[in-house]
Amino acid sequence: MRSSLRRKSRLRFCPENAFSGLFYCPNSNLFRTRSVRQDGTVRMKPAALEPLTLSAVRLLRRHGHWLLLVSLLAALAAWQILVTLAKLPAFILPTPVQVAVRFWAALTDGSLLRHTFYTLSEVIAGLLAGSLLATLLGYGLARSHTLERLLSPYLVASQAIPIVAVAPLLVIWFGPGMFSKVLICALIVFFPVLVNTVVGLRAVPDNLRDLMRAMRATRLQTLRHLEIPAALPVFLGGLRIGATLSVIGAVVGEFVGSDRGLGFLINVARGQYDTALVFAAIFTLIVLALALYGLVILLELRLLRYQHAPRPEAPR
């Protein structure tokens, strides 16, 4: 029985394919499907795949990490060919080589790093402030239906107003400094994190709450041992969205009024028809958003590592 469990634990689920219940055995280099019988036992049998499909799945498993690089190089090559054939001027659409040269020039003179650090500071401060406020208010809304009926209309109505329309008012009220940009980032992060917090807390099964009451757990113990672990996956999903939206909020605030930041750099380059610098700043913003998204994923893997741990299969 132990050898059977050990043998089955080496089967790994294949997330790269679209076949539900498909597993890959690295020792035998075979794909298997898992079926559950009526008595609860699990049966593994060889997967009936078409040869072409099987080859494609194996190819993705072996060389999937190269697909992103190949697609990126193909997009850059298509960009270069388009500019060359259309004979577009640099102020309309520069070539990738021109963008890379301008990026390196802005990087070496320190201007790109200085503006990037300023924008990153706004993004991190706004993300932390918006997430914290949304989490606290979301817990209150999840616990009190009266508070939800009182505040929900205002919260939903606030999302109907574009942040571009609100940003000038915030800059006028709080000045063109960093605080107004942080506030804009916090506002744009607030709603998705709030909604996911409420949904995650209300998804806790009632029988588990009854169990905590039967064990005479305090409200703090229930929050720590039940509600936070149960709502954490949904909350982190909202944090992923907020991490990317916070970059947009910072750039919008810098467009409205600022003398520093990547949004300010894009405004200056646009006025000077320095399109290569505009692309360099845009690519830097993309890298910032991807880095923040990756950090949230790493945090999710760290906090939810119990969900990714391999589970032994039941014996036949």
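Mentor: A nonpolar core is a set of buried Ala, Val, Leu, Ile, Met, Phe, Trp, Tyr and Cys residues joined through side-chain atoms within 4.5 Å. Buried means under 20% relative accessible area, exposed over 50%, and partly exposed in between, with a 1.4 Å probe and protein chains only. The model is predicted: local features need pLDDT of at least 70 and side-chain atom pairs count only at pLDDT 80 or more, while totals for chains, interfaces and linings use all residues. Residues are numbered from 1 along each chain as its sequence is written, and side-chain values use heavy atoms, with hydrogens and water left out.

Trainee: Which residues touch the most other members of the largest nonpolar core?

Mentor: Leu194 and Leu285, in a core of 40 residues. Helices α5 (111–143), α7 (163–174), α8 (178–202), α10 (219–256), α11 (262–271) and α12 (275–303) each supply at least two of its residues, and α10 gives the most, with 9. Helices here are DSSP runs (H or I, at least four residues), numbered from the N terminus.

Trainee: What does Leu285 touch, leaving out residues up to four places away in sequence?

Mentor: Thr119, Val247, Val251, Leu262 and Ile266. Contact means heavy atoms within 4.5 Å. Apart from this core lies another, of 5 residues, including Trp79 and Ala276.

Trainee: How do you know that the span of α7 agrees with its 12 residues?

Mentor: The expected span is 1.5 Å times one less than the number of residues. For α7 that should give 16 Å, and its end C-alpha atoms are 16 Å apart, so the two agree.

Trainee: What makes the buried residues of α7 line one face?

Mentor: The buried residues are Ile163, Ala167, Leu170 and Val171. Seen down the axis of α7, they fall within an arc of 100°, so they line one face of the helix. The arc is that of the directions from the helix axis to the C-beta atoms. These residues pack against α8 and α10, while Ile172 and Trp173, on the other side of α7, are exposed.

Trainee: Why is Glu300 called buried?

Mentor: Glu300, in helix α12, has 16% relative accessibility, which is under the 20% limit, so Glu300 counts as buried.

Trainee: What makes a polar contact between the side chains of Glu300 and Arg240?

Mentor: A polar contact is a pair of N or O atoms within 3.5 Å; within protein, one must be able to donate a hydrogen and the other to accept it, and residues adjacent in sequence count only if both atoms are side-chain atoms. The side chains of Glu300 and Arg240 make such a contact at 2.6 Å.

Trainee: Why is the pair of Trp79 and Phe279 called tilted?

Mentor: Rings of Phe, Tyr and Trp (its six-membered ring) pair if their centres lie within 6.5 Å; planes under 30 degrees apart count as stacked, over 60 as edge-to-face and the rest as tilted. The centres of Trp79 and Phe279 are 5.3 Å apart and the planes are at 45°, so the pair is tilted. Trp79 counts as buried at 14% relative accessibility, whereas Phe279, at 21%, counts as partly exposed.

Trainee: What kind of aromatic pair do Phe91 and Tyr273 form?

Mentor: An edge-to-face one: the centres are 6.2 Å apart, with 85° between the planes. Phe91 lies in the loop between α3 and α4 and Tyr273 in the loop between α11 and α12, so the pair ties together parts that are 182 residues apart in sequence.
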